[in-house]
Amino acid sequence: MDTNPEFSPQEQPREGDVSESPEDDDDAAVTTTIRERGVKSSGTFSFLATGRDFQPADISHQYTEQEKRFLGTFTSLDYLPSHSNVYKNWLKRQRSSRYQVHRWLLMGIIGFTVGFIGFVMHQLIELIADVKWTKATEYIESSDYVAAWGWSLAYSVLFVLVSSSTVVFLCPSAGGSGIPEVTGFLNGTHIPKMFSLKTMIVKFISCVCAVGCNMPVGPEGPMIHLGALVGATLSQYNIRICSQFHNPEDKRNFISAGAAAGVASAFGAPVGGLLFSMEEVSSFWTTTLSWQIFFCCMVSTFTTDLFNSALTRFTYTGDFGYFKKERYILFSIAYGINVNILMFLPTLVIGVIGGMLGALFTFISLKLTRTRKRVLGHMKKFTAKIVKVLEPAFLMLVMTTVCLFAPALFSCSQFTCAEGQPSNIRYSCKNDSRTDTHVESSVARYHCPRGSSWSVSNTTYYTNETYNEVATLLFWTGEDAVKHLFSRETPFEFGYVSLCSVLPFYFLMVCWASGTAVSAGILVPMLFIGGLYGRTIGRVLISILVSSKSTDEGYWNWMDPGAFALIGAASFFGGVTRLTKAVTVIMIELTNDVQFLLPIMVAIMVAKWIGDFFTHPHYHSLLELKCIPFLPPEPQVVIDKKLINLDLFKVSDVMSQPVIIVKERESVDVLARLLRETQHGGFPIVRTKGNVDSSFCGIITRQELNVLMLQEELFESTDAQNELYDVTLIEYTELRPDRAGQPPGLEEKLKAYVSNRQYTQLFVDLKPYINQSAMCIPERFSLYRTYIIFRSLGLRHLVVTDDKNSVVGMITRKDLMDFNLVAKISKVLNREIQTLEIGVPLEVI
């Protein structure tokens, strides 16, 4: 699940660092732009408003005023720890000689833990699904369809209610895939409760129950979140080996490693996991971190494969350490096919379909989620929770009914094989040893006669047995269906009617399921949907080949529906996520089909280009839906359908001002009033000497001030000597910025400090706690370069100074978000539409 509206962060201090200046009335350009994008006069958006759910990749997302306020409740985190004296003192006590050894060791432990969790999860899912379908098949074979439906429905509803109720009542933050939240956190946004032990347990239970009961979702998304949870939990554990990693930089790096290990375990794709983390999840990357995460992914994949080699549904198979291809390659391809240049024509068509369907999937999912939130918003809180719990059960009612009864509407299909030569297709032919064309023996019979097989020669076997194509696609788990779609040398296993009937149904079911209150993802369903239309295109090519009666069979053997199902799966995967490198490598590692590398790359690139024309990438759209602040690698500011060159604007055009500043040695009364009367996340520290203007010397965060104000032993009288101070009074570990929120008892203390006049004569020496390496830039600095510096260094605050090093403004994450850049630059353009301040004609590119 991915579009879960259940997540609702606790109220946090607004991510702002300056007092808000009143908006001026010069908003003509902004108003015009908003109206062009489909905003109604009431403040709501039309159904196809550009910048909402329908939003090309180069168009910034449009938020309502309520969404902007909610977005402002999130706080940010610096990527690097505060470079203060207390931090340096803590750093000196760490054993640097063992730092790298412990880092690699912890990476291996994280990889092993994530790999084992992945093994247990898949074993449980297979066990739950096997019990359901084995019993249902027995009822179907005895023609008791009502009993089969009743058993399947009761079994599915039981597990899906466990899945949804644990999320709704125990831990709402465990809902969905968790990928948007992990991405947002690694981008620098603090998201409460996303990395707790409770979230991990509920995530695991909910995912196993939802996927195991055949809900149209997959376990791969939650595995990414579970991996991130393992990375966060183990690295921050209060033991000696982990204590040196108790800083925001290392915590994020281990979370990135855990997320990558989750992909590696789920798909059996260590390189794909590394690239997925680098391309989609992580915002900060180094060469050293690449090697460490690669090692973590390798250990994770090895652990999962090692246990899978010995156990199937927790039953020992006696092959411990023997990595069978069908076990450690999820969708192993048995037959390789030569690639023909003509293959790229249908590949382009598949890429276009993948991009359009991927955008449509994102659009429908977002619309369903917004409708769900709107309907639930009119209900009482407890009633809304009950509805959230029951919605997946109703979905399973529809899903179970269709899966059990829809196959009865389709006729039985005969087995086919090529007798003697590939072009000599025969019905009721089981197999022929002289050719590879066949129908898999693992297809589902449903109500079709069992029949028998007989030999007509030493090479050919015939059968009067039949099977049901729709049942083959809808029974068992999504992974089993994908394996059937990817099967090679099975051109006639599925016909047009079955493929085209299952595609719209499953597409809509996944759109619906992705927003329900369960913990699940959509990665395997994406492969299934793409495989359906990809195999349909392959089936069309086979029909053309058969009608042409071509005799050059060797030249045309690239026309395999299973091969195009693989290309279709890659195109839909890319069309939804817009990932390129990661999806390509994951598809190759999933199938072990290196020959199709180039067609897969072409399909993914075309799908990305087409999808970007209609919507933002799926997971980025979810970040926008959940109002989680996120800064992409490059700014995209489009006004009046023209991309603005931010190098032509200054940081002073968008900075917030005026700024509330604090002195190096400040009175307790002033600090208490600041914390009570403002919600800013940090304050610039200035140094004043005589009549000289205040000079910027660092930043202190709100969380650090909160902790300091609880330590009355730090308060000094007016005549205290502040040249000497003891940096050991407050340890760095107590000031860790990831511990957001107000400490207990602080509000009562602040009230006492403000009401008692004696605290006006008591001071706090802030010098030991100031971030001495806080960044500052001049007010004439390029806006584009400001964005790159802020994003690349993972900053939370960026101070703007004048020529005298006095603080004149502040840049925060909210100031650099697309919607805010569009609004502020529109005002600048409206005031100076012809020329910039430096006299160069305004240009847009």
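Tutor: Two strands are taken as paired if DSSP finds at least two bridges between them. The model discussed here is predicted.

Student: How many bridges join S18 to strand S19?

Tutor: Pairing requires at least two bridges between the strands. Strand S19 covers residues 763-765 and runs antiparallel to S18. The number of bridges joining S18 to S19 is 2.

Student: Which strands stand at the edges of the open sheet, each with a single partner strand?

Tutor: The open sheet has 3 strands with antiparallel pairing, in the order S15-S19-S18. Each edge strand has a single partner strand, so one side of it is left without a neighbour in the sheet. The edge strands are S15 (665-667) and S18 (715-716).

Student: Which helix gives the most to the nonpolar patch?

Tutor: The patch is a nonpolar surface of about 430 Å², made by Leu 158, Val 162, Leu 197, Ile 201 and Ile 205. At least two of its residues come from each of helix H5 (145-170) and helix H7 (197-212). With 3 residues, the helix that gives the most is H7.

Student: Is Ile 201 buried, partly exposed or exposed?

Tutor: Ile 201 has its place in helix H7. Buried means under 20% relative accessible area and exposed means over 50%. Because its relative accessibility is 45%, Ile 201 counts as partly exposed.

Student: Which side chain of opposite charge is nearest to Glu 440?

Tutor: Glu 440 is found in the loop between strand S8 (429-432) and strand S9 (453-455). Not counting residues up to four places away in sequence, Glu 440 touches Phe 415, Lys 483, His 484, Ser 487, Thr 490 and Glu 493. Glu 440 is buried yet has no salt bridge. At 6.7 Å, the nearest side chain of opposite charge is that of Arg 535.

Student: What is the omega of the cis peptide bond that joins Gln 657 and Pro 658?

Tutor: Most peptide bonds are trans. Pro 658 lies in the loop between strand S13 (642-643) and strand S14 (662-663). For the cis bond joining Gln 657 and Pro 658, omega is about -5°.

Student: What is the phi of Trp 476?

Tutor: Most residues other than glycine have a negative phi. Trp 476 has its place in the loop between helix H16 (469-474) and helix H17 (478-486), and is partly exposed, with a relative accessible area of 30%. Its phi is positive, near 65°.

How values were computed: Residues numbered from 1 in each chain as written. Predicted model: local features only at pLDDT ≥ 70, side-chain atom pairs only at ≥ 80, totals over all residues. Heavy atoms only, no water. Patch = residues over 30% accessible without salt bridge, like charges linked within 9 Å, V, L, I, M, F, W, Y side chains within 5 Å. Areas by Shrake-Rupley, 256 points an atom, 1.4 Å probe, with all protein chains shown as cover. Salt bridge = Lys/Arg side-chain N within 4 Å of Asp/Glu carboxyl O. Helix = DSSP H or I, 4+ residues; strand = E, 2+ residues; numbered from the N terminus. Buried < 20%, exposed > 50% of the residue type's maximum accessible area, 1.4 Å probe, protein only. Lys, Arg positive; Asp, Glu negative; His and termini not counted. Contact = heavy atoms within 4.5 Å.
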